[in-house]
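These are my notebook entries on one structure.

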Amino acid sequence: MHDDVGDDYLWDRRGRPDPEVQRLEALLSPLGHAASATAPVTVQSPVAASPARRRAVLPAALAAALIAAVGLGWMVAAAVAPRPAWDVSRLAGAPTIGSRAIAAAARLPVGEWLETGAAARARVMVGRIGVVDLDPHSRLRLSNAEAGRYRLRLARGTLHATIWAPPGQFAVDTPSSTAVDLGCAYTLTVADDGAGVVTVTSGWVAFEWQGRESFIPAGTLCATRPGIGPGTPHYAGASPAFQAALGALDFERLTGQQQTDAVSRILADAAPADALTLWHLLPRVELHERDRLFDRLASFVPPPAGVTREGIRSGRRDMLDRWWDELGFGSMQFWRRWQQGWRDTGG
């Protein structure tokens, strides 16, 4: 017979129970397996354990049980917690979320796809900062509903976004670029092959892909292609020859002479408003073409102090940013600060 109170009780429920063991039994009993009333459970140990050894094992066993209980609780809570979601309303036809048709209104959870058929249209409320209307034949996913980091993905189709929050709160991923709202309204279209175009009606949008950047102010548009990223923004009223030359520079493999011819076409048709386009082209053409673009841009918007031909020829981003500030579309420093903050937080 053992003299230690509770030692045998811990292992096979014989002897006098320890009050502390009984308290822990009550705490953990909801996690236990309900044994049959007609088949009493006994615990057999192949090696007899000394009372001291049993006391040493007790804290570790109870700690492991408590950790398992807490972990199970977290898993259950995560499984039943509702995902963040945005309000969606049907504008026409029968849009769907997943496989469920929207009767009049519904919620779009993070990770789910909203799709519109041939005659369907839908409206998505972007938290409390804006609205997105989705045209027919479109597929849209809510990627992030965290305030200040709202994010959608447009796989195909057309959306019309109107955002009234401070710049940098909202972005839309496409197969070839990310459109970042900088306080604006715009239309974004993505074809089945992933090619896209954004047309801005107010404010401006940044298009970005793997370090390639385009800034699209109101009244201009910009194309984008998978594997290449954003092209060069231009005004919708540019001549067909101007637009064709720009498309060739952006998305085609050109020989040296072909690039020279395309730049010559753009320079021949360029007007003062096309300073936006010339600024974007400066780092994108071969070195021997940059001098011609520099001179023409300087005739429209003189470079500020400290911005040199040599610096622009070498692709100095700080000099390009300072020249941008002279174009009248706002300061580039805002974009750089926002961009760094987005990258620092994994955006």
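**Entry 1: charges over rings**

I then located R225 over the face of F251, at 4.7 Å from the ring centre. The rule I applied asks that NZ of Lys or CZ of Arg be within 6 Å of the ring centre and within 35 degrees of the ring normal.

I note the basis of these entries: the model is predicted, local features need pLDDT of at least 70, side-chain atom pairs count only at pLDDT 80 or more, and totals for chains, interfaces and linings use all residues. Residues are numbered from 1 along each chain as its sequence is written, and side-chain values use heavy atoms, with hydrogens and water left out.

**Entry 2: aromatic pairs**

I looked up the aromatic pairs and recorded eight. Rings of Phe, Tyr and Trp (its six-membered ring) pair if their centres lie within 6.5 Å; planes under 30 degrees apart are stacked, over 60 edge-to-face, and the rest tilted. I took up F215 and W324, whose ring centres are 5.5 Å apart and whose planes meet at 55 degrees, so this pair is tilted. The pair joins distant parts of the chain, since F215 belongs to strand β15 (residues 212-217) and W324 to helix α9 (residues 317-324), 109 residues apart. Helices (H or I, at least four residues) and strands (E, at least two) are DSSP runs, numbered from the N terminus.

Are F215 and W324 buried or exposed? F215 has 1% relative accessibility and therefore counts as buried. W324 has 0% and is likewise buried. The classes I used are buried under 20% relative accessible area, exposed over 50% and partly exposed in between (1.4 Å probe, protein chains only).

W324 also pairs with F329, and I recorded 5.4 Å centre to centre and 40 degrees between the planes, a tilted arrangement. F329 is partly exposed, with a relative accessible area of 22%. Ring pairs link W204, F215, W279, W324 and F329 into a cluster.

**Entry 3: salt bridges**

I examined R121 and D135, whose side chains meet at 3.9 Å, N to O. This pair links distant parts of the chain: R121 is in strand β6 (residues 121-126), while D135 is in the loop between β7 (130-134) and β8 (138-144), 14 residues apart. R121 is partly exposed at 31%, whereas D135 is buried at 18%.

I next examined R265 and D269, with their closest N and O atoms 2.7 Å apart. Both residues lie in helix α5 (residues 256-269), four residues apart, about one turn of the helix. R265 is partly exposed at 36% relative accessible area, and D269 is partly exposed at 27%.

I then looked up D295 and R309, which form a salt bridge at 2.6 Å, N to O. The bridge links distant parts of the chain, D295 being in helix α7 (residues 287-300) and R309 in helix α8 (residues 309-313), 14 residues apart. D295 is partly exposed at 40%, as is R309 at 28%. A network of salt bridges links D291, D295, R309 and R313.

**Entry 4: helix α4**

I checked the span of helix α4 (residues 240-251): its 12 residues reach 16 Å from first C-alpha to last, close to the 16 Å expected at 1.5 Å a residue. The expected span is 1.5 Å times one less than the number of residues. Which residues of α4 are buried? I listed F242, A245, L246, A248, L249 and D250. These buried residues pack against β15, β18 (234-235), α5 and α6 (275-281), contact meaning heavy atoms within 4.5 Å.

**Entry 5: totals**

I recorded 10 helices and 18 strands in the protein. Buried residues make up 39% of the 347 residues. Among contacts between residues at least 6 apart in sequence, 45% join residues at least 24 apart. The protein exposes about 17,900 Å², of which carbon and sulfur atoms supply 56%; accessible areas come from the Shrake-Rupley method with a 1.4 Å probe, and for residues only the protein chains shown count as cover.

Conventions. Salt bridge = Lys/Arg side-chain N within 4 Å of Asp/Glu carboxyl O.
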